[in-house]
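I opened the notebook to record what I looked up, one entry per topic. The sequence and the structure come next, and my entries follow.

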Amino acid sequence: MNDPRALGLDPAVQAIIGLTPLPNRFDVGDGLNTAGFTSQAIRTDPQRDFTLRIDHNFNERHSLFGRYSWGQQDTIGDTGNAGAARFPGLPPIVNTNRRPRNLAIGLRSTLSQRTVNELIAGVNHFEFDFANGSLSDSRTTPVVFSTVTNVTGSNPTNPLSNVFGNFRTINTYQLLDNLSHSRGAHTFRLGVNLRLQQHFDLRGSVAGEDVNPEVQLGGATDPTTFRLPVQCSATVTTSCINTNDRSFLQATINNLLGKLNRVDVGLVDVGGQYGAPGTGFKFDAWYPEYDFYFQDDWKIRHNLTFNLGLRWEPKPKPFGRSGSKILVPNKPLTLGAPPATDVTFVEGDLFKTDWNNFGPAIGVAWDPFSDGKTAVRANFRIAFDRIVTFLPSSAVYPAVPGTTLAVIN
């Protein structure tokens, strides 16, 4: 092999190779120049959870409860997100940190012998921090080898960046009220559940790339310049190299010489211009939700009860705050339509508010022998799913043309 520029082996590459152990598997590779390494991935899941609850009876008719829950649930070397350390002694690629907090306060009131009301207010806070464990390690580099396992992770510490992986916060503010009233053979129940959910994202991965630059080694290696062996063919069978070995040899040359192929980075719009590499993508999305219900538990006979109810669950459209704008195409885009060059993205609705979500609930409970030992039950209900806020936060908001840009140079 020839070194046409006579620069020798790249020192940055040599430092990275120095972090890797010797091979311990020879059932992979070519049996001569290449081999493999296998180790047991180390993962730990420390968890701490505390709950504080207070109950107080004001009198026979009114009682109050309060509950606060605090948690810390981490995964160091998150194998579920390919976050284990690549080799022993190196930092994990991803540590997933979870911070749940929950506060609820409820008041239960007996308004009369027939009527009971329960009012609950609460807030739920949850943080997901997919922290790149290797970012704080001085050995981490942006260099990614060709055909070799990425040694330290591809997201280097960047002085312009405060982004370490992806971070999201979910806050849910909730108020619900349930009222129960008995009258004769009927027990009427009605209630309301109001929720306002905030999904705040600080993302280090946008438009399919990381906001911290990633340096990829590789590219073409001219056979003449690098004096590569002749490739074997039907007419050349000696003093030659087969196709697979030649491809690996070219990749090895690129790695050892530190031959740059391309730089990948995701850029984020900041005030109408793309920010510097390392700028995280921020989005503050809010999702209001309203649920209402009415139900009648009708005891027709001593051993037969019908449950008849109706739920109304409108799904309002989400909105952005703190400068976050939900952008949509200025005209409909449909599969199979002719290509268009005049599409722009303007502020609009992710979806329209859906007001007609009415779901019936019907049930029956029957004691056929009137002895309290056997029960036959049947029910039917239509319910409506809440939106999974992770879907727009990961696949829509950070991928709208003009808000982020994948640059491959």
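Predicted model: local features only at pLDDT ≥ 70, side-chain atom pairs only at ≥ 80, totals over all residues.

Entry: I then searched the whole structure for aromatic pairs and got ten. One of them joins F188 to F294, with 6.2 Å from centre to centre and 20 degrees between the planes, and I noted the pair as stacked. Where do F188 and F294 lie? F188 is in strand 7 (residues 186-203) and F294 is in strand 15 (residues 281-301), so the pair ties together parts that are 106 residues apart in sequence.

**Entry: the rings around F128.** The cut-off for stacked is planes under 30 degrees apart. I also noted that ring pairs link F126, F128 and F130 into a cluster. F128 has a charge over its ring too: the charged end of R168 sits there, 4.8 Å from the ring centre.

Entry: I looked at W286 next. R321 lies over the face of W286, and I read 5.1 Å to the ring centre.

**Entry: the disulfide.** How many disulfides does the structure hold? I found one, and this disulfide joins C232 to C240, with 2.0 Å from S to S. A disulfide is a covalent bond between the sulfur atoms of two cysteines. I looked up the torsion about the S-S bond of C232 and C240, which is about 95 degrees, so the disulfide is right-handed. C232 has a relative accessible area of 29%, so I listed C232 as partly exposed.

**Entry: the largest pocket.** I last looked for empty space. Rolling a probe the size of a water molecule over the atoms shows where such space is left. The largest pocket holds about 1,000 Å³ of space. I counted 31 residues in its lining, and the closest to the pocket centre are N33, T34, A35, V148 and F248. Which element gives the most to the lining of the largest pocket? Helix 2 (residues 243-257) does, with seven residues. I sorted the lining by class and got 16 nonpolar, twelve polar and three charged residues.

Definitions and conventions: Residues numbered from 1 in each chain as written. Heavy atoms only, no water. Disulfide = S-S within 2.5 Å. Buried < 20%, exposed > 50% of the residue type's maximum accessible area, 1.4 Å probe, protein only. Phe/Tyr/Trp six-rings, centres within 6.5 Å; stacked < 30°, edge-to-face > 60°. Helix = DSSP H or I, 4+ residues; strand = E, 2+ residues; numbered from the N terminus. Lys NZ or Arg CZ within 6 Å of the ring centre and 35° of its normal. 1 Å grid on protein atoms, 1.4 Å probe; cavity = no way out; pocket = protein on both sides within 12 Å on 5 of 7 lines; lining within 4 Å. Points joined across faces, edges and corners; volume = space filled by probe spheres on them. Nonpolar A, V, L, I, M, F, W, Y, C, P; charged D, E, K, R; others polar.
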